[in-house]
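Please read the following briefing alongside the sequence and the model.

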Amino acid sequence: MTLESEILPDLTLAKLSGQVDTLTAAELEMKLGDLAEVTKRALLVDCSDLTYINSAGLRVFLIVAKKMETAGGLCAFCSLTPNVRLVFETIGFDRILKLYENRAVALEQIAPPQAQAA
Amino acid sequence: MRPGSLSTKLNVHLRETELVGKIVREFGQWHDVPEQTVFLVKLSLDELVTNIVVHSAGQIPCVREIVLRLTTNQHELWAEVEDDGCAFNPLDLPIPDVAAPLQERSPGGLGIHLVRSLMDRVNYKRVGQRNLLVLSKKVTQPSAVELP
């Protein structure tokens, strides 16, 4: 599991790669939690290279998304592979978490430059 | 799929979930199991083995061994997880409310819910002094290896 982040003016981008399982979930919770702390508006987790996730990792997503929402922010996810999307849908995460098909769509929706200027 | 079977013993440790993933992937390759089925079976077994290890910690006697079996025929895959711990049926765990809004969602119980939902059948039996969980998943995708 690796998490690479980039802090932009309107959002924090986190690229999650590899496998998130029982052994790596604690590390993810710490890293994603730290990013949520420094993120003012939105945290976007790019899952295009996330090959595996189990309930321990899904629990982290839920905790971080709740925390962001409580603080008035947003935690969104993009580019889910078909397997990861199926898992999200099975536990209803597609209804409670903000999902975008790809990074471009997510950026356009979350941080459109014209909306910021207006 | 290519018909076959595999049986192995696991230590009672969370690190073994990594090995479970490796076993399922390799078994899948040898038996021409579709990629998505490999993913779903790997996830289900990961959740069940994790549950056994975590629950074993508070049990007397604790679990000493976990046996994993995988079997395929042309159209279906079965997985069995057996342990020698106290009677414990994970299917008795409460089902999470997957329709609840974000702030009301509890992070617990997701693993067993995934197993129940992603497999076609999940059965629990207490056999003597052992817990036995049997999962099955039908595979509709045509196999690359057509047997006569």
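In chain B, the axes of helix α1 (residues 16-30) and helix α2 (residues 35-56) come within 9 Å and cross at roughly 155°, where axes are lines fitted to C-alpha atoms, for helices over the stretch in contact, and angles run from 0 to 180 degrees between N-to-C directions. Helices (H or I, at least four residues) and strands (E, at least two) are DSSP runs, numbered from the N terminus. This is a predicted model, in which local features need pLDDT of at least 70 and side-chain atom pairs count only at pLDDT 80 or more, while totals for chains, interfaces and linings use all residues. Residues are numbered from 1 along each chain as its sequence is written, chains are lettered from A and ligands numbered from 1 in the order in which they are written, and side-chain values use heavy atoms, with hydrogens and water left out.

**Packing of α1(B) against α2(B)**

- Two packed helices are described by the angle between their axes and the distance between the axes.
- α1(B) and α2(B) are therefore roughly antiparallel to each other; angles under 35 degrees count as roughly parallel, over 145 as roughly antiparallel, 65 to 115 as roughly perpendicular and the rest as oblique.
- The crossing in which α1(B) passes α2(B) is right-handed, a crossing being left-handed if the near helix is turned anticlockwise from the far one by less than a right angle, and right-handed if clockwise.
- On the α1(B) side, T17(B), V20(B), G21(B), V24(B), R25(B) and G28(B) meet V38(B), V41(B), K42(B), L45(B), D46(B), V49(B) and T50(B) of α2(B), contact meaning heavy atoms within 4.5 Å.
- By class, this contact of α1(B) with α2(B) has six nonpolar, four polar and three charged residues, where Ala, Val, Leu, Ile, Met, Phe, Trp, Tyr, Cys and Pro count as nonpolar, Asp, Glu, Lys and Arg as charged, and the others, Gly among them, as polar.

- In helix α3 (residues 82-90) of chain A, the buried residues are N83(A), V84(A), V87(A), F88(A) and T90(A); buried means under 20% relative accessible area, exposed over 50%, partly exposed in between (1.4 Å probe, protein chains only).
- Viewed down the axis of α3(A), these buried residues fall within an arc of 165°, so they line one face of the helix, the arc being that of the directions from the helix axis to the C-beta atoms.
- The axes of α3(A) and α2(B) come within 10 Å and cross at roughly 45°, which makes α3(A) oblique to α2(B), and the crossing is right-handed.
- N83(A), V84(A), L86(A) and V87(A) in α3(A) meet E35(B), Q36(B), F39(B), L40(B) and L43(B) in α2(B), and by class this contact has six nonpolar, two polar and one charged residues.

**Buried positions in chain B**

- Seven of the nine residues of helix α3 (residues 110-118) of chain B are buried, so this helix is largely enclosed by the rest of the structure.
- The buried residues of α3(B) are L110(B), G111(B), I112(B), H113(B), L114(B), V115(B) and L118(B), and what covers them includes α2 (55-70), α3 and α4 (93-96) of chain A together with α2, β4 (121-127) and β5 (130-138) of chain B.
- S44(B), found in helix α2 of chain B, is buried, with a relative accessible area of 1%, and, leaving aside its neighbours within four places in sequence, S44(B) is in contact with V115(B), M119(B) and L135(B).
- L40(B), also found in helix α2 of chain B, counts as buried at 2% relative accessibility, and, with its neighbours within four places in sequence left aside, L40(B) is in contact with L86(A), L118(B), M119(B) and K137(B).

**D46(A) and S79(A)**

- D46(A), found in strand β3 (residues 42-53) of chain A, counts as buried at 4% relative accessibility.
- Leaving aside its neighbours within four places in sequence, D46(A) is in contact with A14(A), K15(A), L16(A), C78(A), S79(A) and R103(A).
- D46(A) and S79(A) are 33 residues apart in sequence and 6.0 Å apart in space, C-alpha to C-alpha.
- S79(A) lies in the loop between β4 (74-78) and α3 of chain A and counts as buried at 14% relative accessibility.

**Backbone geometry**

- Most residues other than glycine have a negative phi, and most peptide bonds are trans.
- Phi of S79(A) is near 60°, a positive value in a residue other than glycine.
- D32(B), in the loop between α1 and α2 of chain B, has a positive phi of about 55° although it is not a glycine, and D32(B) counts as partly exposed at 24% relative accessibility.
- A cis peptide bond, with omega about -5°, joins I60(B) and P61(B), and P61(B) is found in the loop between α2 and β2 (66-72) of chain B.
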